[in-house]
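Hi there,

Here is the structure I promised to pass on. Have a look at it first, and then read on for my notes.

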Amino acid sequence: RYEATNPCGEQFLLPYENCCLGSLNLAQHLTYGNNGHLSLDWEALRRSVELATRFLDDVIDANAYVPAVPQLSEAAHRTRRIGLGIMGLGDMLYALRVRYGSEEGQELAAQVMEFIRYHAMRASIAMARVRGPFPAIQGSVYDPMDLRWSPPQPMTPYRWPDRWGRPPVDWLEIVSGIQEMGIRNAAQTTVAPTGTIATISGCEAYGCEPAFALAYVRHFKDGDDDVELTYTSPLFTAALHRAGLDAETQAEISRRVSITGSCQDVPEVPKEIRRVFVVAGDITAEEHVRMQAAIQAFVDNSISKTVNFA
């Protein structure tokens, strides 16, 4: 029986279990195609998923559990639960000119998360072949002798299966792999908030969230002085530059956007940029929920979702 979650709620835990989480920076998995436009580098993403899955499994063995509580180590090794997730989804959508919350955005997010889940499971099965499956596999949904797990399905059938060039996934290969070898990790994917690590990594959007604001003023204390730092989204700035706007117009746009964080009511911003560069407060409640649902279909732990409204 599950007893609790971690503080952010994305990781359901059996007694004495802990979190073993990692996040892939989607903004770092983009490449320029032959047409000169950015696209998702699926091969690089596959390699990152496989490496991260193996790394997280290694962490379970390398971790220095508190010796005074032996149940911690026992619980972690019994299920070998890991949680590989994402950050920079909003950055990726900006770069690919897909609006967060739109039907396109929902499908692209689902396709990405399905790809991550598939290759995480594939890597976990490959590790089971060498290292053995998780010890508590007998009687679980992954029991090779009584397999009750079934491949995940998107919330709605894909309308644009080939638009972003994603390689095919073969879920029957995963089924046969589990039946033959079992699987190394009782759970593989989650989406954490990634607030700190996404900031360190230079992401504009954390976890599965949209960006919170395109521009803002940060205040901090320097002795007795109140210092203002003006921030404007580098991706937004680059889009304005590509649109051919002069420096004076860009500066005025940044000033006006910093008041609300949104560019939706700034007519100087070209319509196509306004369509793509939405922030948390521009997105409806239903769009927030549908984006989470599209991703959750391929997450076997859970998701931390912060919904900021206007």
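This is a predicted model: local features need pLDDT of at least 70, side-chain atom pairs count only at pLDDT 80 or more; totals for chains, interfaces and linings use all residues.

Let me start with helix 4, which runs over residues 103-131. With 29 residues at 1.5 Å a residue, helix 4 should span 42 Å, and its end C-alpha atoms are 41 Å apart, so the two values agree. How many of the residues of helix 4 are buried? The count is 22 of 29, so to speak a mostly covered helix.

Helix 4 has a packing partner in helix 1 (residues 42-62): their axes are 9 Å apart and meet at an angle of about 45°. Angles under 35 degrees would count as roughly parallel and those from 65 to 115 as roughly perpendicular, so this pair is oblique. The crossing of helix 1 past helix 4 is right-handed. On the helix 1 side, the residues in contact include Trp42, Leu45, Arg46, Val49 and Thr53. On the helix 4 side, among them are Val112, Phe115, Ile116, His119, Ala123 and Met127. As background, an α-helix has 3.6 residues a turn, so residues three or four places apart point the same way.

Most residues other than glycine have a negative phi. Arg97, however, has a positive phi of about 60°, and Thr194 has a positive one near 55°. Arg97 sits in the loop between helix 3 (89-96) and helix 4, while Thr194 is in the loop between helix 5 (171-181) and helix 6 (195-200). Are they buried or exposed? Arg97 is partly exposed, because its relative accessibility is 44%, whereas Thr194 counts as buried because its relative accessible area is 6%.

Last, there is Gln250, a residue of helix 8 (residues 247-260). Its relative accessibility of 14% is under the 20% cut-off, so Gln250 counts as buried. What does the side chain of Gln250 have beside it? One of its polar atoms lies 2.8 Å from the backbone oxygen of Leu245. Leaving aside residues up to four places away in sequence, Gln250 touches Thr237, Leu240, His241 and Leu245.

Happy to go through any of this with you.

Best wishes

Terms used: Residues are numbered from 1 along each chain as its sequence is written. Side-chain values use heavy atoms; hydrogens and water are left out. Helices (H or I, at least four residues) and strands (E, at least two) are DSSP runs, numbered from the N terminus. The expected span of a helix is 1.5 Å times one less than its number of residues. Buried means under 20% relative accessible area, exposed over 50%, partly exposed in between (1.4 Å probe, protein chains only). A polar contact is a pair of N or O atoms within 3.5 Å; within protein, one must be able to donate a hydrogen and the other to accept it, and residues adjacent in sequence count only if both atoms are side-chain atoms. Contact means heavy atoms within 4.5 Å. Axes are lines fitted to C-alpha atoms, for helices over the stretch in contact, and angles run from 0 to 180 degrees between N-to-C directions. Angles under 35 degrees count as roughly parallel, over 145 as roughly antiparallel, 65 to 115 as roughly perpendicular and the rest as oblique. A crossing is left-handed if the near helix is turned anticlockwise from the far one by less than a right angle, and right-handed if clockwise.
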